[in-house]
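Here are my notes for a first look at this one. Have the model open while you read.

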Amino acid sequence: MKAHGIVPADGVVLAGSGPLLLLLAWQYLHAGVKMKAILDLTPVRNHLRALPHLPRALLAGHYLMKGMSYMKGLKRSGISTLHNVSELQAKGKNQLESIRFVHQGRQQTIETDLLLVHFGVIPHSHLSRAAGCQQHWDSSQQCWRPQRDDWGQSSIDGILIAGDGAAIGGARTAEHAGRLAALQAVHLLGRMDSRERNRLARNDRKWMRDELHIRPFLEAFYHIPGKLLSVPYDETIVCRCEEVTAGEIRQAVADGHSDSNQVKFLTRCGMGPCQGRQCADAVAHIVAAAGGQSVDQGGQYRGRPPVTPLTLGQLASLVPEETE
Ligand SMILES: Cc1cc2nc3c(=O)[nH]c(=O)nc-3n(C[C@H](O)[C@H](O)[C@H](O)COP(=O)(O)OP(=O)(O)OC[C@H]3O[C@@H](n4cnc5c(N)ncnc54)[C@H](O)[C@@H]3O)c2cc1C
């Protein structure tokens, strides 16, 4: 919608858990899309989980107000919005025909040929992984992300990482992080002493702190239940490119492969055109749960170039750097 101004046909169902579900529903509403239902899979227990973070979140009250106004607008519109939904399944033979889910202890079915799901946002770490930057598991954001210091310095000298490629913090945070990384780059190149760097960084650090007040609340409120991420039904397709199912992944673990990369070699999950961008973290969750270990222990796919799919023509047209 943002990039191409495209909206789905009427009858779409939105499902998942995360702030963008609400935002998208609100935007569709204003674009005149007739949504059939909005299924919120955020568990009620997350309200308690988020409560301790509310005082800090109030410091960024404008975000809370925005969320609440979206909710009010959607409620007023009369679109069927169900909360605390679980066990979501997409059903159909050659294409989606219906979705099944549990709400208030009752199994329900909605007929639709389009389901859009949102289960949080994770950093695009393919570039930093391919470069060999160390990554760590962030249990709060429920994703792998590259290690870096306050200036964005990764584990490899000369590589600084800012924005969504490092951690999810929103558009403004990405801008401040980008400026901090730029200041550090200038400093490392010997063009600015540390005093001047720190002076110029002061405002960005303050604004960034202000922007981040909302994050712990959002991460706790929209914490995806472990079972949903790590124990999908056997027939669920996890790697869409190579059509590898959750059952095949679990079988590989049962056969003694306890590492995401071993499972990748064995099943080809993550080896298709998207190179694991869609399935990497899902596979990490499933491997960890099936092997009775933490996601950290199961490791992450190694990133390989190309970072995005490209044609042979594009490859052939690369001009090699001149060597002396
Ligand atoms: C649907 C949606 C709604 C959002 N709404 C909000 C909101 O309301 N408020 C808010 O604060 N945040 C929002 N966000 C988050 C916000 O968009 C991001 O936090 C922000 O854009 C991050 O900036 P960035 O520069 O790190 O990454 P991006 O803006 O994603 O920029 C990365 C750029 O790198 C390019 N790129 C990627 N790979 C390569 C490559 N291999 N080679 C060359 N170029 C490459 C991409 O094409 C892109 O132009 C939203 C995000 C989404 C997806």
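1. Start at Val283, which touches Val238, Ile249, Ser260, Cys269 and Tyr301, leaving out residues up to four places away in sequence; contact here is heavy atoms within 4.5 Å. Keep in mind that this is a predicted model, where local features need pLDDT of at least 70, side-chain atom pairs count only at pLDDT 80 or more, and totals for chains, interfaces and linings use all residues. Numbering runs from 1 along each chain as its sequence is written, and side-chain values use heavy atoms, with hydrogens and water left out.

2. Val283 is also among the five residues, with Val238, Ile249, Val263 and Cys269, that touch the most other members of the 15-residue largest nonpolar core. Such a core is a set of buried (under 20% relative accessible area) Ala, Val, Leu, Ile, Met, Phe, Trp, Tyr and Cys residues joined through side-chain atoms within 4.5 Å. At least two residues of this core come from each of strand E10 (237-239), helix H10 (246-254) and helix H12 (280-291); helices (H or I, at least four residues) and strands (E, at least two) are DSSP runs, numbered from the N terminus.

3. There's a second, separate core of 13 residues, including Ala15, Leu41, Leu96 and Ile110.

4. Now look at Arg129, in helix H5 (residues 126-130). Arg129 is buried without a salt bridge, and Asp281, the nearest side chain of opposite charge, is 6.2 Å away. A salt bridge would need a side-chain nitrogen of Lys or Arg within 4 Å of a carboxyl oxygen of Asp or Glu. Beyond neighbours within four places in sequence, Arg129 is in contact with Gln135, Gln300, Tyr301, Arg302 and Gly303.

Notes: Buried < 20%, exposed > 50% of the residue type's maximum accessible area, 1.4 Å probe, protein only. Lys, Arg positive; Asp, Glu negative; His and termini not counted.
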